[in-house]
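Here is a short briefing on a protein model. Keep the structure open while you read.

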Amino acid sequence: MSRALFGAMGEGLRHLARHPLRSALAALTCAVAIAVTVNVVSLSYGMDEDIRRDLARFGRLTIDVGRAPLLRPGAPRAAFGDAEAARAAEVVAGLGATVVPLRTERTTAAGAGAPAPVVLCAVGADYPRTLSIDLAAGRWFTEAERGWAACVLDESTARALFPGTAAAGVPGRRVRLSAAGDREVPVVGVLADPMTYRALFEAFDEGRGARTLVGSVLSFRNVYVPQDALGTRDLSLVHVVLPDEARLDEARRRLEAVWPAVGLDADPSRVAPVNVFVRRAWIDAFGGTTQAGAMLGNLVWVLVCLVACVMISTLNLLTIRERYDEVAVRRCEGARRAHVVAQVAAEGVATSVVGGLLGLPLGFLGAEVLGRIVELPFRFDLRFAGVAVAVSVALGLLSSVVPARRAAGLHPAAVLSRRLS
Amino acid sequence: MRWLENARLAVRRLAHRPVRSFLLLQGTIWGVAVALFPTAVVEGTRASVLERGEDVGADRITVALDPTGVDPEPLDRGDVVAVRDALGAEGVVVEAIAGVAVVVPPAATAGAPGPVPAAVLAGEPDAFVARGLRLAAGRTVDAAAAQPEAVVEGVLADELVATGAAALGATVALGDGRLARVVGVLAPRTPLQRRTNDLGFDTDHPVFRGVTGRLLVNLGVPFGDDGWKRTDRCAWVASASPTVDWLFLRVPPLSVRGAARTVERTLLARGKSSVAFYPPVYPLVLHRDLDRFANVSLALFVACLSMSAVVMAAVGLLTAMRRAPEVAVHRVEGATKGDVLAQWLVEGGVLSVAGGLLGWAVGCGLAELRIALEPMAGMTWRFPWPHAFATLAVAVVVGVGAALLPAMRAAARPPTEALVDE
């Protein structure tokens, strides 16, 4: 880059200093746009990231086999019990799979607070392997613990049954389960809540009553008891957990040769009585939905940035009109068009960088205020702040180059003669 | 009168540079639009649900046995009574409740004298009321009649008429070898009602087919092989059988959320595991759970309006400099500082009113677009006049405020100084 070009850019910066109020107002516009960008991007992409991370803990290497969640009155109920569990184990033999049967029932549980409806899951000691979730407190029950000898609560269930008690304080307490004939069952552990946005989920989970028991298990409002607590041979699901993705694919292929896969867009009249459900596909599909939500967030900040761009461009256009004489004189002094554009672009970029940097604390403040009044997880994320400053620079360049090119394109003699006349 | 003259002058100046004025107004336009359209959708839907909740299914709860629990106990008539009593004990107005057993007869029923119903729904004689249906002709069935009687839905009645017979008095095959005499015809459902499922979604809407339907399955909502519900081709007959496949319930829309919880609790206490369907969006709208999102649009409104104010102030300062000679001449002609100040403030106000009105139009467009993309059948929008005037008022105050600094500068400059400079 030539010295003249640097000189032009320096002149641009000096021009900004000569008009501090005007420059400050332009920078403030950028700052507001950047504050909005930082917040919206942090909210939408931050939530998307969190939800994806949560979903990854829901058992990516688990395949569920069970009755189709299908409402078809009059149709005979498909047999699904210990024989099918044994069949599933036989099909995936040699793949290092763990087969975990699940029996579910709706029940009412009472602890220190009011009784609450929960999903009762009768499972084996291997059940934690179907998920990637740690215990928040205590332990899982052992093979030796049978019947109603012990139970584990989901963290959200523990909060509902023992309000005001930390997870660590729940093991050792007892819960009364209506499914157990109202007997009290000792709590031995609390499974950590894998849902970052539990409060938000609870507030808007209006369709919870429409979910089946099997569908409700992954809402993590459960009470887990040893598998023989529910004295039946009937099963809700069989979980098949694989050690890695390659063996997951092989197990899926083998299981789908016995029972069909359930498609998300299946025609209900053709859904088979027993299906194979691959959690990885579900997690990816769900992740895709949250990503679509993040894309909608993009629309908001792009709209705000576009509005800012249009307004700053208008301001620059008017400002540069006032400076046609100055541009003409500079052109007469030997400045090339590129020098004029560089000067104005330098002004635009400097304004937007300052505006962008001002926008970061403004964004931080906005995140604090919005987080309190909207109760959404607005947060200030430095990674997205970098993106926002880059957007700001682009905004400044875009909104200054167009009017600058127009000014530089005018013939100096025409401008000055009009002035003199 | 001077104010009027100033306003006329301001409008002329804005009209003189329409593109510039339009560009300057972008902040106000979008600020007002984003503040307006979510309120338009929420208020419109709230009014629609409260005014015609029956038409959009906002007053209905449909309950079935959860097919995924172990050893499920089937629903029976005792459950219907228990639910009705529990709701009554909680003071919920039960508009109608019924339990029906569903028989889907084979399409080619031997000996069928005419069209075969999509499903035969056996329950209380007036069970159809719990689905929001009403008699258009005839009467309800007599449970004690020697020959089975049926009340048929609108489309099935039309098909019976198409065979050349009157619908009333015709016979339909019940699928179990019996024939029922038609004694009543139900008012036909609207096309939208025929497309709407128990969760309130328009099943033909492309967004439902492409996104929402899959999302529901992802969320654990069961597949429903219940297309018969939307055909308007069912026959309703009386039955004393204890079996219940579906429990239909109608309560006021504002009571739906609480009633659904009561149904779940009541059935749970009776050892039944059920799934209950109702449109999930309406309770969120009616109970104002979505109001927290109004603050997001308020924040965007503030952001857009702030940008608008800042840029309008900056442009105003530039204009004050450029129009200094004009202002000086005006002052020499006898205008006071107050006149100049007023003229500039009125210009700012007129600019903001124009932006606000355009913002209303854009807001309406966004609301219309939002509703077009919404598969929930009862969602609509309505222009929220009080909210619209409030946003417009704020936009005008901000616009006038932004004009204040340039106005003061323009008014403060001595005319001689400005004219000498020129």
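A salt bridge is a side-chain nitrogen of Lys or Arg within 4 Å of a carboxyl oxygen of Asp or Glu. By that rule, 1 salt bridge crosses the interface of domain 1 of chain B and domain 2 of chain B. This is a predicted model: local features need pLDDT of at least 70, side-chain atom pairs count only at pLDDT 80 or more, and totals for chains, interfaces and linings use all residues. Residues are numbered from 1 along each chain as its sequence is written, chains are lettered from A and ligands numbered from 1 in the order in which they are written, and side-chain values use heavy atoms, with hydrogens and water left out.

**Domains of chain B**

- Domain bounds come from an automatic or database domain assignment. For chain B, the assignment gives domain 1 (2-50 + 289-421) and domain 2 (59-278).
- The C-alpha centres of domain 1 of chain B and domain 2 of chain B are 54 Å apart.
- Contact means heavy atoms within 4.5 Å. Here 9 residues of domain 1 of chain B are in contact with 13 residues of domain 2 of chain B.
- Buried area is the accessible area (1.4 Å probe) that two parts lose on being put together, summed over both. For domain 1 of chain B and domain 2 of chain B, this area is about 770 Å², and carbon and sulfur atoms give 64% of it.
- On the domain 1 side of chain B, B:Pro375, B:Met376 and B:Ala377 lose the most area to domain 2 of chain B, together 60% of what that side buries.
- A polar contact is a pair of N or O atoms within 3.5 Å; within protein, one must be able to donate a hydrogen and the other to accept it, and residues adjacent in sequence count only if both atoms are side-chain atoms. Between domain 1 of chain B and domain 2 of chain B, 5 residue pairs are in polar contact (both at pLDDT 80 or more).

**Domains of chain A**

- Chain A is assigned domain 1 (3-53 + 289-420) and domain 2 (77-286). Their C-alpha centres lie 52 Å apart.
- In chain A, 11 residues of domain 1 are in contact with 5 residues of domain 2. The two domains of chain A bury about 580 Å² between them, with 58% of it on carbon and sulfur atoms.
- Helices (H or I, at least four residues) and strands (E, at least two) are DSSP runs, numbered from the N terminus. Helix H2 (20-56) and helix H8 (279-322) of chain A each supply at least two residues of the domain 1 side that touches domain 2 of chain A. The largest share of that side, 5 residues, comes from H2(A).

**Where the chains meet**

- The contact takes 68 residues from chain B and 71 residues from chain A.
- Chain B and chain A bury about 6,300 Å² between them, of which carbon and sulfur atoms give 70%.
- Between chain B and chain A there are 3 salt bridges and 16 residue pairs in polar contact (both at pLDDT 80 or more).
- Helix H10 (residues 291-322) of chain B gives the most to the side of chain B that touches chain A, with 19 residues.

**B:Arg257 and its partners**

- The side chains of B:Arg257 and B:Asp289 meet in a salt bridge (2.4 Å, N to O).
- B:Arg257 also meets A:Glu206 in a salt bridge between side chains (2.7 Å, N to O).

**Helix H4 of chain B**

- The expected span of a helix is 1.5 Å times one less than its number of residues. The 13 residues of helix H4 (residues 77-89) of chain B should therefore span 18 Å, and the end C-alpha atoms are 18 Å apart, which agrees.
- At the start of H4(B), a side-chain oxygen of B:Asp76 comes to within 2.9 Å of the backbone nitrogen of B:Gly78.
- Just after H4(B), B:Gly91 has a positive phi of about 80°.

**Buried residues in loops**

- Buried means under 20% relative accessible area, exposed over 50%, partly exposed in between (1.4 Å probe, protein chains only).
- A:Phe220 is buried, because its relative accessible area is 1%. Its phi is near 55°, a positive value in a residue other than glycine.
- B:Asp232 counts as buried because its relative accessibility is 0%. B:Asp232 sits in the loop between strand S9 (223-224) and strand S10 (235-238) of chain B.
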